[in-house]
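Subject: Structure handover

Dear colleague,

Here is the structure, with the sequence. My notes on it follow below.

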Amino acid sequence: MNILYLFLAIVCAFFISVTLTPIVRVLAFKLHVTDVPKDSRRMHKKEMPLMGGLAIFAAFVIGVLVFCDIDRKIIGFLLGALLITLTGIIDDKYEMRAILKLLMQIAAALIAVFSGLQIEMINFFGRYIPFGPWSGVITVVWIVALTNAINLIDGLDGLSCGVSTISCFTLLISLAFHPETPFAVLLMIGILAGSCMGFLPFNFNPAKIFMGDTGALFLGYCLSVLSILGCFKLDAIVSFAVPFLIFALPLMDTAFAFMRRIFTGRSPFSADRGHVHHRLIDKGFDQRHSVLLLYAVSGISGIAAILISLDKFIGGIAMFAVAIVILILNLAFGGKEIYDSAPKSDDSSQKNDK
């Protein structure tokens with residue numbers, strides 16, 4: 001019965017998102033919330049509507065209100081999600097200053113903390129490490145870090161939304177194996193996955209709408225809070241590693257981006273064209289192949305997280321190593337060589353086809 005109820009919630013969120021997205025697209029054009037390509041970081045060639053994340057937000061909130069029993073923590077979660085979504089809408093329209101956007105993210109994280117959503121401890125190889133008075137600070141850092149990580153990988157059609165969908169299902173499977181996980185947490189993760197899937201057909205290359213900071217900030221915030229409700233409470237030997245493996249791709253890309261900018265004397269919040277998806281494009285991959293490759297890397301890393309949540313430590317580490325090696329090899333060899341090495345069609349066969 002619980003599985004059917006979860007499936008119903010996912011399908012409902014999908015239907016709401018897939019039907020709201022075209023409406024949000026029209027609204028974005030009417031309100032002139034669009035992105036015009038003006039530098040080399042942008043992969044699109046024409047004006048594109050932003051704010052598509054509003055459809056994901058609406059589908060998620062409606063789904064949670066309908067299918068979940070609302071308590072203090074969920075109210076705090078939704079209020080923080082509302083604040084972060086409003087921040088994204090304003091940024092999509094007016095391009096907020098980085099420091100102001102960061103302060104808004106911290107405020108949304110604090111709403112979650114004061115509603116009782118905190119990382120109180122981690123299980124490190126069977127030893128519980130409590131954070132005590134630092135739990136609130138650590139929680140805010142985690143929420144803000146993952147929120148920005150999801151936002152920073154939103155550089156190709158369908159990348160951030162697709163990686164978030166994969167992360168949702170990885171999180172859902174990891175927690176479903178543990179009976180102590182509250183069913184409400186599984187419901188919210190499923191609803192978020194359904195909301196993302198409804199938007200993805202309009203966002204995959206060639207995209208008809210971008211989710212903008214409205215969607216990227218919202219997804220990062222939701223994934224960070226849901227991981228607090230689930231992963232950090234797992235009674236697994238290495239539960240601390242599970243969320244980091246689930247979100248390994250965006251977290252590593254963000255960490256390298258910050259280090260790259262700091263070491264070159266720039267602000268860590270300054271934009272550049274050094275993200276992993278940019279490097280794949282520069283190596284000769286097209287947008288679709290770049291996104292599919294990063295989906296695969298994120299999925300393999302997610303499988304590693306599931307294995308570790310089941311105390312299959314060696315298998316989990318091996319799968320994560322596979323994900324890293326695959327990414328490194330593709331960055332090393334590039335896409336141009338792969339495309340050029342494809343066998344060319346025989347002229348005679350082409351003539352016969354005519």
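A residue counts as buried when its relative accessible area is under 20%, and as exposed when that area is over 50%. On that basis, 52% of the 354 residues of the protein are buried. Please keep in mind that this is a predicted model.

Overall picture

The protein has 15 helices and four strands. Among contacts with a separation of 6 or more, 74% join residues 24 or more positions apart.

Confidence

The average pLDDT of the protein is 86, and 86% of the residues reach at least 70. Helix H2 (residues 53-67) has the highest confidence, at 97, while helix H15 (residues 347-353) has the lowest, with a mean of 39. The pLDDT stays below 50 over residues 342-354, a stretch with one contact in the model beyond near neighbours in sequence. Where pLDDT is low, the predicted coordinates should not be read in detail.

Cysteines

How many disulfides does the count come to? The count is zero. Cys 161 takes part in no disulfide, and the nearest cysteine sulfur, in Cys 196, is 4.5 Å away. A disulfide needs two cysteine sulfur atoms within 2.5 Å, so the 4.5 Å from the sulfur of Cys 196 to that of Cys 161 is too far for a bond. Cys 161 is buried, at a relative accessible area of 0%, and Cys 196 is also buried, at 0%.

Cavity

Searching the whole structure gives one cavity of 30 Å³ or more. The volume of the largest cavity is about 40 Å³. Its lining consists of Ala 248, Leu 249, Met 252, Val 297, Ser 301, Phe 320, Ala 323, Ile 324 and Leu 327. Helix H10 (248-263), helix H12 (287-309) and helix H13 (313-333) are the elements that each supply two or more of the lining residues. H13 provides the largest share, with four residues. By class, eight lining residues are nonpolar, one is polar and none is charged.

Ser 195 sits in helix H7 (residues 183-203) and is buried, with 0% relative accessibility. Leaving out residues up to four places away in sequence, Ser 195 touches Ala 13, Phe 14, Ser 17, Ile 56, Ala 59 and Phe 60.

Leu 175 belongs to helix H6 (residues 159-176) and is buried as well, at a relative accessible area of 0%. Its C-alpha atom is 9.6 Å from that of Ser 227, a residue 52 places apart from Leu 175 along the chain.

The peptide bond from Asn 205 to Pro 206 is cis, with omega near -5°. Pro 206 lies in the loop between H7 and helix H8 (212-229).

Which residues other than glycine have a positive phi? His 32 is one of them, with phi near 60°, and Glu 95 is another, with phi of about 55°. His 32 is in the loop between helix H1 (2-30) and strand S1 (34-35), and Glu 95 is in the loop between helix H3 (72-94) and helix H4 (98-114). Is the position of His 32 buried or exposed? His 32 is exposed, with a relative accessible area of 60%. Glu 95 is likewise exposed, at 52% relative accessibility.

Regards

Note on methods. Residues are numbered from 1 along each chain as its sequence is written. This is a predicted model: local features need pLDDT of at least 70, side-chain atom pairs count only at pLDDT 80 or more; totals for chains, interfaces and linings use all residues. Side-chain values use heavy atoms; hydrogens and water are left out. Buried means under 20% relative accessible area, exposed over 50%, partly exposed in between (1.4 Å probe, protein chains only). On a 1 Å grid over the protein atoms alone, a cavity is a set of points where a 1.4 Å probe fits but cannot get out, and a pocket is an open set with protein on both sides within 12 Å along at least five of seven lines; lining residues have an atom within 4 Å of a point. Grid points are joined across faces, edges and corners, and a volume is the space filled by probe spheres set on the points. Ala, Val, Leu, Ile, Met, Phe, Trp, Tyr, Cys and Pro count as nonpolar, Asp, Glu, Lys and Arg as charged, and the others, Gly among them, as polar. Contact means heavy atoms within 4.5 Å. pLDDT is the predictor's confidence in each residue, from 0 to 100.
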